[in-house]
Amino acid sequence: MALKRILIVDDDSEVGAAMAAVLENAGYSTVFDGDLGAALRLLSGDVSFDLILLDILLAGVNGLGLLENLRRVRPQTPIVMVTAMYDVSYAISAMKKGAFDYLLKPFEPTQLLNTVHRALEQREVEGQFTLDRLGLEKLVEARTAMLSRAMADLERSYDITLEALGNALDLKDTETEGHSKRVTAYAIVLARAMHLDAAEIKIIARGAFLHDIGKMAIPDAILSKPGKLTAEEQVVMRQHCVLGYTILKKIPFLAKAAEIVFSHQEHFDGSGYSRGLKGNEIPLGARIFAIADALDAITSDRPYRKAKPFAEARKEIERCSGGQFDPAIVAVYRSLPDQIWEDLRAEIDHPNRSEELPLADIIRVR
């Protein structure tokens, strides 16, 4: 059988040469010499290729526009887009425009080979069942799975960005170090015990993780003050809820989480702030967070007191049922053993473990 012929279109000579070497070692025939113009001339000619590896960001060339042109002139040739992690949204757009798949730089040789194998295999399937209903169903199923994976990659990159924001807050307010991840994990456990769906749990997790993001705008003299705040300083500090809401509300995928940030200091009996909301006026995610936040606050060291055991936290949360906390959610909390919270805290606070448990993973596995 003739070797499968693959064209590599990438103006990064090192990346292109590395891909060519991996593919040739695996028994493919490749065309790449680092000359973007030569590659484009080949594509406009009569030379046939079984697969095209196309970089989205090419110097002086619109990668997505080139993709559309290639799909018109070479509709039977699968195209795999090559891009960096921060370009994943472009990769999703490319798949909507007809790309078969995408590769995120940097990638392992096995990823490259697996993607190429799937693309060539799919090319044969598409050719064999062009007008066959079964072939079309397989094609739709494959494209749907790829798009779902792309969306999952994009969502994960969002959560990595959120974690960078949370780490920035830790640098500004060292007292909160680890707090955001712990309350996020606690809130997820409560939300799952309430049988909320996965989409709502992710919103709650992001709102819990970013609940104090507004403190980035609070003056250091107030945020880091060792003693008790004055009445005037307390007014400023309480603004962190609305400041956090203002920061997040304009980001589409954080709009619902922003409501949790705005409401995370509200009390079930209406005695909280910033708006004095009461009962079910408070978003469900904020009512769940309130218990997770209190649980972590009571069981953490503070400058003015030592951490209390989880059994003491349970008594305090039960005492405040109907006042600070939603009684229905307190009932869910009471149904869960303290060992769950102890294990979660130990896992998140384990030395060197924070880097192994990024926000994206906490949301996924808790």
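Q: What percentage of the 366 residues of the protein chain count as buried?
A: The model is predicted, so local features need pLDDT of at least 70, side-chain atom pairs count only at pLDDT 80 or more, and totals for chains, interfaces and linings use all residues. Residues are numbered from 1 along each chain as its sequence is written, and side-chain values use heavy atoms, with hydrogens and water left out. Buried means under 20% relative accessible area, exposed over 50%, and partly exposed in between (1.4 Å probe, protein chains only). Of the 366 residues, the buried share is 46%.

Q: How many helices and strands does the protein chain have?
A: Both are DSSP runs numbered from the N terminus: helices are H or I with at least four residues, strands E with at least two. The count for the protein chain is 17 helices and seven strands.

Q: Are helix 14 and helix 15 roughly parallel or roughly antiparallel to each other?
A: Axes are lines fitted to C-alpha atoms, for helices over the stretch in contact, and angles run from 0 to 180 degrees between N-to-C directions. Angles under 35 degrees count as roughly parallel, over 145 as roughly antiparallel, 65 to 115 as roughly perpendicular and the rest as oblique. The axes of helix 14 and helix 15 (residues 327-334) come within 10 Å and cross at roughly 155°. The pair is therefore roughly antiparallel.

Q: Does helix 14 pass helix 15 in a left-handed or a right-handed crossing?
A: A crossing is left-handed if the near helix is turned anticlockwise from the far one by less than a right angle, and right-handed if clockwise. Phe310, Ala313, Arg314, Ile317 and Glu318 in helix 14 meet Val330, Tyr333 and Arg334 in helix 15. The crossing of helix 14 with helix 15 is left-handed.

Q: At what angle do the axes of helix 14 and helix 16 cross?
A: Helix 14 (residues 310-319) passes helix 16 (residues 338-349) in a right-handed crossing. The contact is made by Phe310, Ala311 and Arg314 of helix 14 and Asp338, Trp341, Glu342 and Arg345 of helix 16. The axes come within 10 Å, and the crossing angle is roughly 125°.

Q: Where is His195 found?
A: Phi of His195 is near 65°, a positive value in a residue other than glycine. His195 counts as exposed because its relative accessibility is 73%. His195 lies in the loop between helix 7 and helix 8.

Key: Contact = heavy atoms within 4.5 Å.
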